[in-house]
Amino acid sequence: MQKEIGAAAKAIEIESLSKSYGSLKAVDSVSLSIEAGTIFGLLGPNGAGKTTLISMLVTMRRPTGGAARVNGFDVAKQPDSVRKSIGIVFQDPSLDEELTARENLEIHAAMYGVPKKIRKARIEELIALVGLEKNIGHQVKTFSGGMKRRLEIARGLVHHPKVLFLDEPTIGLDPQTRANIWDYIKKLNEKEKITIILTTHYMDEADGVCGRIAIIDLGKIIAVGTPENLKNTLGGDVISIKCGGSHSGCGEKIGKMNWVKSIVAHDGFIDIRVEKGEEKIPKILLMMEKEGVSVESVSLRKPSLDDVFLHYTGRTIREEEVKPADAMRMRRRAWGHRR
Amino acid sequence: MGAQEMNNEIEGIYALWKRELVNFFRSKSRVLGSLGMPFFFLAILGTGLNNAFALPTSGNYMQFIAPGIIGMVLMFGSMFSGIIVLMDRQFGFLKETLVAPISRLSIVVGKALGGATTAMIQGLIILVVSLFLGAQLQVLNVALLIAFMFLISVMFVSLGIAIASTLQDMHGFQLIMNFLIMPLFFLSGALFPLSSAPDILRAVSLLDPLTYGVNGLRYLLIGQSDIGFAVCFAVVSAFTAAFIAIAMYLFSRIEG
């Protein structure tokens, strides 16, 4: 086993890691390193390669190229050591609903080789950490979605992992429960000093929680940094205009102005990135009026992670999330099917 | 494999075995449901046909079908336990086991032992029930009976796991029920003596693993059967080995 000191530097080291399915490159030569102790967010639209990347890191899939080390263990050569040193919370529930909360954690502890002597105490400690003390003896099928998710987080931690992977930990939960889950995740990171690697498409939530973020699209990492840095690189302000009718000609004209850094149209909005936005709004509105475009609303804001995402991928992340059939297929492809 | 790893695998097998038992006893509908059909077979078919049938062997019809029904219970119970892997997949628990640091082999073994144990419990209950219903059974060799029942159960739980590993969801279950489990049961000679069956039927039934299970049980419980016990034991062992190997292979190919 590796010494604590050795593992302290890098939790994850990825070198030109690839996964191809025939001619499709799901993950295309990704290199990345993640410091121990951070909360790291992996953001990207469906099909970007997030889940494939994570499933290689958790040794569920073998890379077709490159290498990755998790806690110092090679994912291809030492899968069992990797598995023992990580915790995983899947996007879809993976509890035995007929069993109680305690029983689910006991099976996990047994499979992960947690010594019998400390099992009971460890399970109770974690159940308390996620606030499920009162439900420890209840069957999981009586739990709400948020409770199940919290139980899964607790389960992922039973064997003292150094890295916890969370794939869309808040998907399908209501906003209040989502906030709740994020609080637990932050608490974990502080109390248990573990590295957390998560995927989410709630950008504002990622902004509040993640210390560092990577944006991944088409199997490649296109930007890495702290949320602050990513937003600052964009710079300036974003003027977001909702138009009544067609705005294509007008958008082109605005785009030609030398003070416009970028302009993107999406979901009936035009987002224009400029310096000193408050001075540019009158100019833009004047131009739009001349072109006969009716303006329904105008807003001015600092760039958010959504804008960063839009900037790098040309899409909003929201456009990607709405097709349930697609999501279903992705999920089945990701976890359920044989080669 | 070091001692600690080995220990870890055994702990994992034990935990998965225990899970099967807990789930079985917790689901009252499953316990009752699994015993309902064999009970009615015995209580209605056995009693109803008792006086209508002249068997080529000595003894009455109730006595004749009791081992057959026990064989049926073992097959239904263990096949169902194997196929339930599909439910684990559907409800996600399978993933949790697949990413654990134990081998696929241990997962299959834990599952198979658990399924076989629950099937044997059902088989033993039906054995007792059939005694109450008036079947004259005499267990000459308890250890051998238990061992043989266990072998039959492991055989079918492995077949169930093998089938479940190739299916994606529960939709195929009805198909398996109607086109595999029921024919295996009817062909096994559980309900009628093979010695008086038409040649074609008898020939086909010799391909049915349950035929050897039922005949072996019949030998152990009433002292006579169409096929000798040594042959039954050898054939069931061979099928068990083959089904375990197939189950291991197919299960290891499930991509997590």
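In E9(A), which residue is the bridge partner of A:Gly41?

Modeller: Happy to! This is a predicted model, so local features need pLDDT of at least 70 and side-chain atom pairs count only at pLDDT 80 or more, while totals for chains, interfaces and linings use all residues. Residues are numbered from 1 along each chain as its sequence is written, with chains lettered from A and ligands numbered from 1 in the order in which they are written.

The partner of A:Gly41 in E9(A) is A:Ile213. Strand E9 covers residues 212-217 of chain A; strands here are DSSP runs of E, at least two residues long, and helices are runs of H or I, at least four, both numbered from the N terminus. Strand E3 (residues 39-43) of chain A runs parallel to E9(A), and four bridges join them; pairing asks for at least two DSSP bridges between two strands. E9(A) also has five bridges to strand E10 (residues 220-225) of chain A, this time antiparallel. There, A:Ile215 has A:Ala223 in E10(A) as its bridge partner. Two residues lie between the strands of this hairpin, and A:Leu218 takes a positive phi near 50° in it.

E9(A) is mostly covered, with five of its six residues buried (20 or more other C-beta atoms within 10 Å of a residue's own, the C-beta atoms being placed from the backbone; 12 or fewer is exposed, and in between is partly exposed).

Elsewhere in chain A, four strands form an open antiparallel sheet in the order E2-E1-E4-E5. Strand E2 (24-35) and strand E5 (73-74) are its edges, each pairing on one side only. Inside this sheet, five bridges join strand E1 (residues 10-21) to the antiparallel strand E4 (residues 65-70) of chain A, and A:Glu13 stands opposite A:Arg69 in E4(A).

Chain A also has a neighbour: 26 of its residues are in contact with 25 residues of chain B, contact being C-beta atoms, placed from the backbone, within 7 Å. On the chain B side, H1(B) gives the most, with nine residues. The residues on that side divide into ten nonpolar, seven polar and eight charged, where Ala, Val, Leu, Ile, Met, Phe, Trp, Tyr, Cys and Pro count as nonpolar, Asp, Glu, Lys and Arg as charged, and the others, Gly among them, as polar. As for its own secondary structure, chain B comes to eleven helices and zero strands.

Note on methods:
Contact = placed C-beta atoms within 7 Å.
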